[in-house]
Amino acid sequence: MRLGAGAAALGAAAKVTILEPSTLWASTRSVPPSDTVRFGIIGTGVEGCSLLSASLPISGVECVAAADLYDSRHIAAREALRGKNIDTTREYRRILDRKDIDAVIVATPDHWHRRLVVEAAEAGKDVYCEKPMSHSVEDGLAMVEAIQKHQRMCTVGSQRVSSILYHKAKEIWDSGKLGMVDTITAAWDRNTDSGAWVYPIAPDASEQTIDWNTWLGEAPQRPYDPVRFFRWRCYKDYGAGLAGDLFVHLLSGIHYVTGTNLPPQRALSTGGLYHYKDGREFPDLLWTMYDYPDFQLVLRCNHNNNEEGELFGFYGKQGTMIIRGSTLTFKPQGPYAQAEDYSVFGWPAKLRNAYYEQWRKDHPLPEPGRFKVEVGTEVYTPPPDYSDQTDHLMNFFSSVRTRQAVVENEVFGHHAALGCHMANYAYANKTIATWDAAAKKIKG
Ligand SMILES: NC(=O)c1ccc[n+]([C@@H]2O[C@H](COP(=O)([O-])OP(=O)(O)OC[C@H]3O[C@@H](n4cnc5c(N)ncnc54)[C@H](O)[C@@H]3O)[C@@H](O)[C@H]2O)c1
């Protein structure tokens with residue numbers, strides 16, 4: 001049912017609301033040319049190209065240069081910008097050294113994030129860094145320090161925190177309608193080879209078209225291996241498996257909705273490698289239970305059954321909020337006043353009847369006509385063509401221009417990434433991972 005932006009109606013069982021896109025869409029339309037933010041991008045693979053396309057509807061921003069170590073991706077970047085003839089290079093320093101560039105997007109594999117973000121900050125650039133922000137605890141600490149030392153704006157690329165659907169979820173959370181919430185669960189399940197990162201090797205990939213040694217960066221040296229280049233998420237030297245790829249989105253969404261800007265206190269993981277025994281160094285099923293000060297969180301990512309897809313549940317004393325794909329449902333729940341109907345059957349009838357008599361006196365039925373009918377369930381969804389990635393980029397570019405805080409800064413990104421590192425630490429070491437804030441270390 002398409003109701004038009006902002007419209008609401010009563011369906012058979014629930015009120016369905018199509019959410020309106022962010023107000024920033026309107027405000028950036030009036031940016032004068034002198035205020036245009038000029039940006040470069042480092043890494044124009046799958047995500048880099050997706051970000052370039054998502055930047056096109058944003059007024060007052062212009063991509064002027066792209067760096068990538070694989071030549072075909074220079075073509076892909078121009079195509080993502082609908083043929084715009086930007087400067088392309090294998091050498092990212094050419095972008096950082098340009099004085100006419102205000103900001104850079106870093107969309108390389110995770111093992112390059114630290115070096116690029118630190119060097120970009122040193123070069124005076126604001127940075128949009130893809131998720132997970134860090135490849136290790138130490139990387140995250142160094143990145144936070146560099147951004148803060150050089151007073152740069154930094155956004156981390158878990159775009160759900162800019163989604164109008166998650167803004168609605170936060171509004172419901174903040175309203176207190178859920179009551180006390182002690183349990184949050186989330187899952188991101190897939191059941192395809194592509195979902196499990198078994199991406200095809202491009203036919204033109206070779207040591208001539210890819211600068212393999214630079215791609216390795218600080219990772220251990222090894223001969224050219226296109227499997228590692230295209231499927232880097234499977235290997236510890238470059239990625240962080242299910243936790244780094246998917247948990248980080250779930251953690252960022254939950255941190256945003258609940259207003260949590262902390263790493264988890266403890267993490268306990270289990271899982272296994274059941275199907276994708278292709279030499280990868282991470283499980284294809286991962287469960288992690290996390291302790292936070294005010295709630296417990298259970299996350300699961302699975303590559304072998306996708307019945308549940310992407311699913312969040314916030315379970316409160318007075319309501320349940322579920323986000324399934326792009327649909328948010330809020331359903332009220334108790335607490336209901338009701339007479340005890342279980343344990344009093346162990347009482348003699350006289351006592352039981354007296355109990356019921358008293359209970360009815362204490363809880364008189366409302367007079368006829370004064371019953372409150374709760375329609376209750378509310379359903380929200382964004383319009384079909386909505387892009388949270390565009391909203392997230394818009395939030396970043398707006399902050400570059402105004403110097404106002406971004407929605408997901410380096411500290412937020414660091415905390416979400418710590419949750420991923422703790423999940424992997426607990427799984428790899430078969431232990432409970434604890435965040436030692438004083439030592440700034442994960443301990444087993
Ligand atoms: N936010 C999201 O929803 C989302 C989705 C997918 C990927 N990502 C993230 O985006 C990042 C990139 O993922 P991807 O799937 O696009 O990977 P990819 O392998 O498709 O592309 C990465 C590109 O970076 C280039 N590169 C690596 N080191 C470089 C360097 N030093 N200088 C210049 N170019 C360099 C590579 O040549 C490659 O073309 C990762 O951090 C990933 O987790 C985020």
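Predicted model: local features only at pLDDT ≥ 70, side-chain atom pairs only at ≥ 80, totals over all residues.
## The overall picture

The C-alpha trace spans about 90 × 55 × 45 Å along its principal axes.

There are 444 residues in the chain, and 52% of them count as buried. Now take the contacts with a separation of 6 or more: residues 24 or more positions apart account for 69% of those.

As a reminder, strands of a sheet pair through backbone hydrogen bonds, either parallel or antiparallel.

Strand E7 (residues 126–129) pairs with E8 in the parallel sense, over three bridges. Cys129 is the residue standing opposite Val156 in E8.

## Aromatic pairs

Aromatic rings pair up here too: the count comes to 19 aromatic pairs. One of them is Tyr166 with Phe312, an edge-to-face pair at 5.6 Å centre to centre, with 80° between the planes. Tyr166 belongs to helix H7 (residues 164–175) and Phe312 to strand E13 (residues 310–316), so this pair ties together parts that are 146 residues apart in sequence. Both partners are tucked away: Tyr166 counts as buried at 4% relative accessibility, and Phe312 is buried with a relative accessible area of 1%.

Next come Trp215 and Tyr238, with ring centres 4.8 Å apart and planes at 50°, so this pair is tilted. Trp215 lies in helix H8 (residues 212–216), while Tyr238 is in the loop between helix H9 (226–230) and helix H10 (241–258), so the pair ties together parts that are 23 residues apart in sequence. Trp215 is buried, with a relative accessible area of 5%, and Tyr238 counts as buried at 0% relative accessibility.

Elsewhere, Lys177 lies over the face of Phe330, at 4.7 Å from the ring centre.

## Nonpolar cores

The largest nonpolar core has 65 residues, and those with the most contacts inside it are Phe247, Ile254, Tyr290, Leu297, Leu299 and Phe314. Helix H10 supplies the largest share of this core, 10 residues.

What does Phe247 touch, not counting residues up to four places away in sequence? Its contacts are Leu242, Leu286, Thr288, Tyr290, Leu299, Arg300, Cys301, Cys420 and Ala423. Among these, Tyr290 and Leu299 are themselves on the list of residues with the most contacts inside the core. There is also a second, separate core of 25 residues, which includes Ile42, Ala67, Trp112 and Ala120.

Methods
Residues numbered from 1 in each chain as written. Heavy atoms only, no water. Pairing = 2+ DSSP bridges. Helix = DSSP H or I, 4+ residues; strand = E, 2+ residues; numbered from the N terminus. Phe/Tyr/Trp six-rings, centres within 6.5 Å; stacked < 30°, edge-to-face > 60°. Buried < 20%, exposed > 50% of the residue type's maximum accessible area, 1.4 Å probe, protein only. Lys NZ or Arg CZ within 6 Å of the ring centre and 35° of its normal. Core = buried A, V, L, I, M, F, W, Y, C linked by side-chain atoms within 4.5 Å. Contact = heavy atoms within 4.5 Å.
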